[in-house]
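Here are my notes on the model you passed along. Have it open while you go through them.

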Amino acid sequence: MRLLALLAVLALAVTGCSDPAPASGVLSVGLREPATLLPADLSDQAGRLVTAALWTPLADYDAATGKVKPRAAESIESTDRVHWTVKLRPATFHDGTPVTAQSYVDTWWAIAAEHWMASPVLTKLLRAQEIKASGLVLTLTLDRPSGQVPALLSAPGLVPLPASVLASHDWNGFAKAPVGNGPYRLDGPWRPGSGGTLKRVGEGGAATIELRVGEPAAQYDAVEAGTLDLATEVPGEKHDAMHEFGDRHATWALPQAGYLAFPVTDPKFTDATVRHGFALGVDRAALEAGPLAHQVDPAKALLPPADAPGERTGTCRPCSFDAAAGKALLKQTSFPGGATVYFGPGAEGWTRTLVVGLHKALDVSVTAQARPAGPLDGPSTLDVKLATPSPYELLSALAEASGYTDEVFRQNLTLADAAATADEAGQLYRLAENQLLRDLPVAPLWSGHGHAVWNDRIHNVTTAPFTGPALAAITTS
């Protein structure tokens, strides 16, 4: 692994941070129990919400426009898209130690070594041959030109860890009392089943944020009753009622999507017409209103809104429910019938509903089964959780999941990765996306979204795909 071969250990520069502006109020926030508070190893909404307050990423990246907003970085620049320079703003961790370029190098080495959720961002997507640190400057040398570096470096899992935990490797202990570089610090250890308290140390709104762990339905009721300021999840049974909050509710795209991946080398599914027939037999609205409990939107495109460059209108043809057309396509190909749809952990409920719907719509025998080890002889459902806002991550993962190896598709992905501008990359990603929609090795099913409701004493609630509500921006009255 190239990242593990990085041996550069350079001098650290002690840095400081300016005094925070005056803070105001106490903000109470309801959330589920986070899976972990180790930022490089999480993919759940609650974990991202908390760690987004505890850490400041190198940059924010808007997948739709390709715009980069430096955060912990002062700048991320390159003249040839092979050699990149990242200049950091002076900052400290919550334990008072400086955040330096070496902090990032050592953290990224640990991420790759521990195979955490964020490790593919470094080993499969960034693919740096060399990373060097000098004071507040990171220099990266890639194995090919890539304009996607700002998008990749904005990944919330690539935030730095302090030297103390990098030396001790006490990851479990650190996750209970994390130390970040963000606008809030955790005041005391995290209390599983209860929550924790955040204290403002940087730019932000409320002086104190009380994080309360509980069930979404009870938290929704608490906001209505005025005993909780913000509920960061709305259960399916409250979905329609949340509009009663007027402009005090929000829905935002999550970096999560569901697909049906076909084994394109299996004799039953080598014909794209068969795959299109199955795609048209999926009642996505029934999945959204049924087992997925209004926590998703029926897919309208291959790329979900959190990951899609450019303006999107209309619904792709393979995203439509047309049972008659799907049945006709299967008859056209003399599909022999009989297929097993495989599912992974956490996807059994909605996969079984999908299978029942396919059987009814297409009049073919379809069953559901847990995914075994090894090659599959039928389609499989995918619940994809993204680590970055780069379309390269998702498009390459979808092709890999289905065994799709078309050379033109691969070339378009390579060109998009190397593109000099966001507009050029977006056009090339659209070409790759359209090719997948034509050949359909995977059928888009749904994209995840989040919900929040709040009372009238808080203001400036904004949301983003990887963080949900931006806690540091909320003010109280």
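The points below cover a helix, a strand, a loop residue and some charged pairs.

1. Ground rules first. This is a predicted model, so to speak of local features we need pLDDT of at least 70, and side-chain atom pairs count only at pLDDT 80 or more, while totals for chains, interfaces and linings use all residues. Residues are numbered from 1 along each chain as its sequence is written, and side-chain values use heavy atoms, with hydrogens and water left out.

2. Start with helix H14, residues 422-439. Helices here are DSSP runs of H or I with at least four residues, strands are E runs of at least two, and both are numbered from the N terminus. H14 has 18 residues and spans 26 Å from first C-alpha to last, close to the expected 26 Å; that expectation is 1.5 Å times one less than the number of residues.

3. What does H14 pack against? Its buried residues pack against helices H8 (272-280), H12 (391-402) and H13 (407-418), plus strand E17 (442-454). Among those buried residues are Leu 428, Tyr 429, Leu 436 and Leu 437, along with Glu 433 and Asp 439. Buried means under 20% relative accessible area, exposed means over 50%, and partly exposed is in between (1.4 Å probe, protein chains only).

4. Now E17 itself. Because 13 of its 13 residues are buried, E17 is largely enclosed by the rest of the structure. If you want landmarks, Ala 261 stands opposite Val 442, Pro 298 opposite Trp 446, and Ala 231 opposite Val 453.

5. Have a look at Asp 44, in the loop between strand E1 (26-31) and helix H1 (45-54). Asp 44 counts as buried because its relative accessibility is 18%. Setting aside neighbours within four places in sequence, Asp 44 is in contact (heavy atoms within 4.5 Å) with Glu 33, Pro 34 and Ala 35. Its side chain reaches the backbone nitrogen of Ala 35 at 3.2 Å. Asp 44 and Lys 385 are 341 residues apart in sequence, yet 8.7 Å apart in space, C-alpha to C-alpha.

6. On to the charged pairs. A salt bridge here is a side-chain nitrogen of Lys or Arg within 4 Å of a carboxyl oxygen of Asp or Glu, and the count comes to 16. Arg 32 and Glu 233 make one of them, at 2.8 Å from N to O. This pair links distant parts of the chain, with Arg 32 in the loop between E1 and H1, Glu 233 in the loop between E11 and E12, and 201 residues separating them. Arg 32 is partly exposed at 38%, whereas Glu 233 is buried at 18%.

7. Which residue forms a salt bridge with Arg 410? Glu 407 does, with the closest N and O atoms 2.4 Å apart. Both lie in H13, three residues apart, about one turn of the helix. Arg 410 is partly exposed at 43%, and Glu 407 counts as partly exposed at 39%.

8. One last item: Arg 127, Asp 143, Arg 144 and Asp 417 are linked in a network of salt bridges.

Methods: Pairing = 2+ DSSP bridges. Polar contact = N/O pair within 3.5 Å; in protein donor to acceptor, adjacent residues only side chain to side chain.
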